[in-house]
Amino acid sequence: MFSFLNLFSRSSALQNHALDFRLNDGGREVAGFKGGAGDCVVRAIAIATQIPYMHIYEDLRAANAAYADKRNDKLARRLNTKGASPRNGNHRNVFHDYILGHGFNWVPTMRVGGGCQVHLRADELPSGTLIVRVSKHLTTVINGVIQDTHNPSRGGSRCVYGYYIKR
């Protein structure tokens, strides 16, 4: 009856719709990389497309370098200063078109002033192969299973900004 007063009722409701998790580095270790890095974009794309990690890594390195050479904005200056390595992270201005070019469609789930409408939960995401954008991270969800090096769902409360879905 008074479940709204129970501080734990929401967390148990979230657990009922939590996504499963499977540890997957997208082939990073096989490619010879060790230690941590800000390479979630490379890993997510490699997992979702089943293209080798090193191939995606080199494509994004070239895309970062091309962006830095062709543009004169804050991101281009940062890429020129930090280097074009995907290990340092990737910006959506670079990876968005790359992902679309691999047979994905972008589905935005958040609007300015609209608040969070979709969370990283099984009952709020479609089935299929998804590359999900959350705050400062990309992760892959395949048929309700998060494929990543850690579980970014925050127990089902993590807000989804949008996702790429395989056509």
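Among contacts in the protein chain between residues at least 6 apart in sequence, 66% join residues at least 24 apart. Contact here means heavy atoms within 4.5 Å. The model is a predicted one, in which local features need pLDDT of at least 70, side-chain atom pairs count only at pLDDT 80 or more, and totals for chains, interfaces and linings use all residues. Residues are numbered from 1 along each chain as its sequence is written, and side-chain values use heavy atoms, with hydrogens and water left out.

The protein chain holds five helices and six strands. Along the principal axes, the C-alpha atoms fill a box of roughly 60 × 40 × 30 Å. Of the 167 residues, 39% are buried. Buried means under 20% relative accessible area, exposed means over 50%, and partly exposed lies in between (1.4 Å probe, protein chains only).

Two helix pairs were examined. Two packed helices are described by the angle between their axes and the distance between the axes. Helix H2 (residues 40-49) packs on helix H3 (residues 53-70) at an angle of about 130 degrees, with the axes 9 Å apart. Axes are lines fitted to C-alpha atoms, for helices over the stretch in contact, and angles run from 0 to 180 degrees between N-to-C directions. H2 and H3 are therefore oblique to each other. Angles under 35 degrees count as roughly parallel, over 145 as roughly antiparallel, 65 to 115 as roughly perpendicular and the rest as oblique. H2 contributes Val 41, Val 42, Arg 43, Ile 45, Ala 46 and Thr 49 to the contact, and H3 contributes Tyr 53, Ile 56, Tyr 57 and Leu 60. These residues divide into eight nonpolar, one polar and one charged. Ala, Val, Leu, Ile, Met, Phe, Trp, Tyr, Cys and Pro count as nonpolar, Asp, Glu, Lys and Arg as charged, and the others, Gly among them, as polar.

H3 also packs on helix H5 (residues 92-100), at about 130 degrees and with the axes 10 Å apart. That makes H3 oblique to H5. This crossing is right-handed. From H3, Ile 56, Asp 59, Leu 60, Ala 63, Asn 64 and Tyr 67 meet Asn 93, Val 94, Phe 95 and Tyr 98 of H5. The contact comprises seven nonpolar, two polar and one charged residue.

One disulfide was counted, the criterion being a pair of cysteine sulfur atoms within 2.5 Å. Cys 116 is joined to Cys 159, S to S 2.2 Å. The link is right-handed, with 115 degrees about the S-S bond. Cys 116 lies in the loop between strands E2 (104-108) and E3 (129-134) and Cys 159 in the loop between E5 (145-148) and E6 (162-166), so the pair ties together parts 43 residues apart in sequence. Cys 116 is partly exposed at 30% relative accessibility, whereas Cys 159 is buried at 18%. The sulfur of Cys 40 is 16 Å from the closest cysteine sulfur, in Cys 159, too far for a bond. Cys 40 is buried, at 13%.

Gln 50, in the loop between H2 and H3, has a positive phi near 60 degrees. Gln 50 is exposed, at 72%.

Technical notes
Helix = DSSP H or I, 4+ residues; strand = E, 2+ residues; numbered from the N terminus. Left-handed = near helix turned anticlockwise from the far one by under 90°.
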